[in-house]
Structures are given as C-alpha cells and as structure tokens.
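Welcome! Have a look at the picture first, then try each task before reading on.

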Amino acid sequence: MYIIRKYLGTFGLSLVLILCICVVIDISEKIDYFFDNHAPLNEIVFDYYLNFIPYFANMLTPMFAFIAVIFFTSKMANNTEIIAILAGGVSFNRFLRPYFVASIVIVLLSFLLSGYVIPPANETRLDFEDKYVTAFKNEVALDIQLEIQPGVIFYIERFEHSKNRGQHVSLEKYDGKILVSRTTGMTIEWTPADSVWHIGDYVKRDFDGVFEEMSTGMNLDTLIDVVPQEFFINEAYAPQMTNAQLRKYIRKQKERGMGNTQPFEVEYHKRFSIPMASLILMLIGVSLSSRKVKGGMGLQLGIGIVLSALYILFLTVSSMFAVNGSLPTLLAVWLPNIIFGAIAAVLYVKAPK
C-alpha cells in the first residue's frame, strides 16, 4: 500500500500542477476571444474549462504516470529503501506488484474517461469554441454522394444544415451493374419529426430492359437510411463519439464503401493503446530508476521526460501514417507500444534484482 499510495499521490499531484499551468496558458491565449465575443462567465467555467480539464488530463496521463514513477522510485533508491526491500527477501517481481496494481487503476480510469466520459464533454467544449473562439463547423455541404445500402446511390449537390434543405438530388438503384431505377428532384427536405425525406419537383424512371416507365410529381416521400448530421461529420467529430458510436459509424461507413474512416479508426484504437502505454512506461520507469546512481534523480528524470516526449512524437507520426494510408491503422496505432514494450522488456531484464 505504501508504493501504491506514493505512486497515485505523486501522479495526481503532478497532473494537477500541470493542468493548472495548462489552464492559465489557455486563458491567456483565449481571453481576447472571450471578451470580444461576450462569452458568459458560467459558460466559460462550466461548458469550456470543466470539459477542458478531463480532456487534457487524459491526454497527459501516460507521460505523468511515467514521470511520477521515475520521481518517487528514484527517491526511494537514493534513500536506499529499494536496497533494504530487496535485501529483506522481497523479489523484484514482488516489488513490482504494487506498481502494476496502481498502473491498472490508471489504465482503467483512462479507458473509461476516453471512451465514455470525455466524448460528450468534448462535444460541449467544441461547441463553445465554435461559438465564442473560432468557428469551424460547416453549415453547407456540397457534392454529397453516399451508397446508403448495397446498390443504392444517393447524391445531393448542396445541403444547408440550418434549414434541413438541399438542392438537386438523385437516388439511383442498381441490380449489380444494371440501373433499375433513377429518381431526380430539384429540392429535398428532411423532417426530423417523422424521419422522412421529401423530394420536390421529382422525375422517377424505372427501367426494365429496353422499357422505361416515367412518373413525375411535386412531392415524393421516401425513407432513406441517412440523417443530415452525417453530411457534416469529419475527422474533428471523432473525439466527440463514444466507443460504441465510433464502432457503429466505422462499420456503417465501410458498408457504404466510404474511404474516409481512417481518422475514426485511429481515434478508436488510440483509446485502447494510450491507456496501455501507462503500463508499459511504468515498467520502463521502475527498471530505470530502481538503481541508486550518483547525482541523484536529475538524470533519471531527464531520461524519463525525453522518453515520454519520444513516445508522444512516435505516436503522432505513426497516427499520421495511418490516416494517410501508409500503414494499416491497427499496426500504426500500436507500433509505439510494441517498440516501447520491447524496450521495457530489455530494461526489466537488466534491472538490479
């Protein structure tokens, strides 16, 4: 319990200190926007910073879990506490056990935060930024083309989100490579109450070999398995989705034959790989800092900070390769953990027993 308490206490304290610094820096950068756009104080505190803190806390968790291990384990080594523990008959594996317990607590907390708590908080935070800092959400989508189900192609030239209305629409149905039906319309409107699309001033053509049947009208109600929000989803929306929503969206887009799922797959897999990094970095930290060295803990802390920065850099670069399609998504996201896991295994073998 002594090591668990020291580990979690040091981790919590270091994270709180760095978050205070992050909040102060962010306020200094955005205070002009707050004043210029007349952001209410309660929205700044509760809608923005209350959701800003868990987002950055989770993002910085592996780094500060690692630094916390380096800090208090080095201090124990310099005070010869580790020598006394090992000399008392406690094996190195037994000495590692409380570290693993504390790390698993951090891993589970990080996983729950990233997958289920932070996404709705991100939605509120990003809505605030769009309203009071920098507008980044699109209200108009152009040239939308989706395969809403096998053999059914849906196209809208222009759609306005605020009005739920679009212009120049077509709905084509294929049997294999043969076009069997084509509906075009000048306008299209979505009614959220009944989840129905209304095609205005339409022309419908049904094909049967060389024969064609055509019908026209001013309004055609149709059920199409798509909602307007899907036209405006881009990679910026991935952090706003829970794990279940990400899985559903990725599966649905792949069924439609869409090729823009990489950012969403990267986000989904990172929610598993980043929490696990805390466990791997913990093993590296204990293996590095359990030896008493001349000069105190300064060198070990420096090594810890450099390794943390290298991990974050490596994760960022490999994620870019995944988004660009240069590497398979699963491999790219887990590659830093694989490499640092190998480093952890080597350092564990060489650690003083």
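**Exercise 1.** Find what share of the 353 residues in the protein chain is buried.

*Solution.* Start with the term: buried means under 20% relative accessible area, exposed over 50%, and partly exposed in between, using a 1.4 Å probe and protein chains only. With that cut-off, buried residues make up 42% of the 353 residues. Keep in mind that this is a predicted model, in which local features need pLDDT of at least 70, side-chain atom pairs count only at pLDDT 80 or more, and totals for chains, interfaces and linings use all residues. Residues are numbered from 1 along each chain as its sequence is written, and side-chain values use heavy atoms, with hydrogens and water left out.

**Exercise 2.** Describe the order of helices and strands, then work out why the protein chain is called more spread out than a compact globule.

*Solution.* Helices (H or I, at least four residues) and strands (E, at least two) are DSSP runs, numbered from the N terminus. The protein chain has eight helices and six strands. Along the sequence they follow the pattern α-α-α-α-β-β-β-β-β-β-α-α-α-α. Next comes the radius of gyration, taken over C-alpha atoms; the globule rule is 2.2 Å times the number of residues to the power 0.38. For 353 residues the rule gives 20 Å, but the radius of gyration is 27 Å, well over that value, so the protein chain is more spread out than a compact globule. The C-alpha trace spans about 90 × 50 × 30 Å along its principal axes.

**Exercise 3.** Classify the ring pair of F34 and F128, and locate both residues.

*Solution.* Rings of Phe, Tyr and Trp (its six-membered ring) pair if their centres lie within 6.5 Å; planes under 30 degrees apart count as stacked, over 60 as edge-to-face and the rest as tilted. F34 sits in helix α1 (residues 2–36) and F128 in helix α4 (residues 92–132), 94 residues apart. F34 is buried at 7% relative accessible area, and F128 is buried at 3%.
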